[in-house]
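Here are my notes on the model you sent over. I start with one residue and then step back to the whole chain.

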Amino acid sequence: MESRGNWGSRVGFILAAAGSAIGLGNIWRFPYLTGKNGGALFVLIYVGCVLVLGLPVMLAELALGRATGKNPVGAFRAIRPGTKWHYTGYLGVVAAVMILSFYSVVAGWTLGYCYKTLSGSFRLVGKSEVAVIFSRFIASPWLQLLLLALFIFLTIFIVSKGVSAGLEKFSMVLMPALFLILILLMIYSLTLPGAERGLAFYLKPDFTEINGRVFLEAMGQAFFSLSLGMGTMLTYGSYLSKKEKLVSSAAWVAFLDTSVALLAGFIIFPALFSQNMAPDQGPGLVFAILPVIFGKIPGGVIFGAFFFILLALAALTSTISLLEVPVAFLIDEKKWPRRRASWLIGGLSLLFGIPSALSGGGVKFFSRLPLFHVDFLSLWDKVWGNIALSIGSLLIAFFVAYVWKTAKALEEITAGGARFRLARLWVISIKYICPLLILVVLISQFF
Ligand code: TRP
């Protein structure tokens, strides 16, 4: 049997888990959803969801993973054999394949933009040229397929070699570099003329805008950004030793992840408003504004290319964690060799990614069906990135609270004498707040 591997150290684990959490979700998805949903109010609800739902679910997943030492399907089976609970694990495995499929398309965009920036496409051009470059870019079918395939192959290549080998060391350099470049960009962006209007949009909530969709998208974004609801953190927890403290690890990961997202907002919105650009352009938002900034900064060619390469690498540590879930499932439950599992699942994601890769060309798939009138990438993002993860988180919270039971989970969380001062708060959240709130938000979508 294949050995499952283990994290080298606590810092290594936090960095690898933060590497999973920090990615396009923070720098591409968070700004575009904030822009689409009216700004500050969305940000407020998102941060609230991270604290009230995200952190408790993350702890639940880590505890489940470490207690069982298994993949999502195996973990549910180990605790409640002979029941249907392991289907929650299967939902996670399918969601992983689907999220990987469209996520890799956007990751491919970052690779393409790295090349474009370096080759000088954005030098001295204004916002309208940048917009044209983007729409031509996403409408080139072969290029999109090539970039998608390239990104998925990179992911397969690394996952087929096993988890911790190199991943921790890699994140140890990547994350601080990304943080630094984001801070520099933020300083630049905040000093642009008109930046204050962007800040107002980003920070001053307009409570009249509140509605069910804003709530669902903010909640979904919290789960998406923290890599929750489909067993990523569960799987990462299964590689964690009993000595490590779950609570502070989870808190660190959530803190780092949320900081990076908030930082990205401080770059995007001041810049957007200083250019008089609309915040609600959808998935292309950051690809419409960032090149405009890089076109103005002295040395912007190098700086911009460096930024996109770091973003691609941050996306890579996330796609690795996505692929790792189905792969761990096939290794544990079906006794497949790691290489075969990585290639098969990666190949499936590539296949399912094709409609998303082609959707920028205005090609509509199944457009006669209800819901399918929007572009496929946005649809897949909503179905798997929002709804499936919310359902997954709901099931995980319910399982830990009422099937596995919070006492058992707390035993795991405090194993080895670790302290957990907010244990009672966690129990209340996982038993009542998570299941109820997620359910209400999901159901409200149908009215
Ligand atoms: N959280 C990552 C990001 O923000 C994406 C991601 C990786 C993910 N693994 C996940 C999202 C598992 C949901 C579930 O870019």
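1. Ser-160 sits in the loop that links α7 (141-159) to α8 (164-190). Bear in mind that this is a predicted model.

2. Is Ser-160 buried or exposed? Its relative accessible area is 13%, and the cut-off for buried is under 20%, so Ser-160 counts as buried.

3. What does the side chain of Ser-160 have beside it? A polar atom of that side chain lies 2.9 Å from the backbone oxygen of Phe-157. Leaving out residues up to four places away in sequence, Ser-160 also touches Arg-338, Arg-339 and Ser-342.

4. Now the whole fold. The protein chain has 17 helices and zero strands. Its radius of gyration is 21 Å, close to the 22 Å that the globule rule gives for 447 residues, so the chain is as compact as a globular protein of that length. Along the principal axes, the C-alpha atoms fill a box of roughly 60 × 50 × 45 Å.

5. If you take contacts between residues at least 6 apart in sequence, 83% of them join residues at least 24 apart.

6. As for the surface, the accessible area of the protein chain comes to about 17,800 Å², and carbon and sulfur atoms account for 70% of that.

Conventions:
Residues are numbered from 1 along each chain as its sequence is written. This is a predicted model: local features need pLDDT of at least 70, side-chain atom pairs count only at pLDDT 80 or more; totals for chains, interfaces and linings use all residues. Side-chain values use heavy atoms; hydrogens and water are left out. Helices (H or I, at least four residues) and strands (E, at least two) are DSSP runs, numbered from the N terminus. The radius of gyration is taken over C-alpha atoms; the globule rule is 2.2 Å times the number of residues to the power 0.38. Contact means heavy atoms within 4.5 Å. Accessible areas come from the Shrake-Rupley method with a 1.4 Å probe; for residues, only the protein chains shown count as cover. Buried means under 20% relative accessible area, exposed over 50%, partly exposed in between (1.4 Å probe, protein chains only). A polar contact is a pair of N or O atoms within 3.5 Å; within protein, one must be able to donate a hydrogen and the other to accept it, and residues adjacent in sequence count only if both atoms are side-chain atoms.
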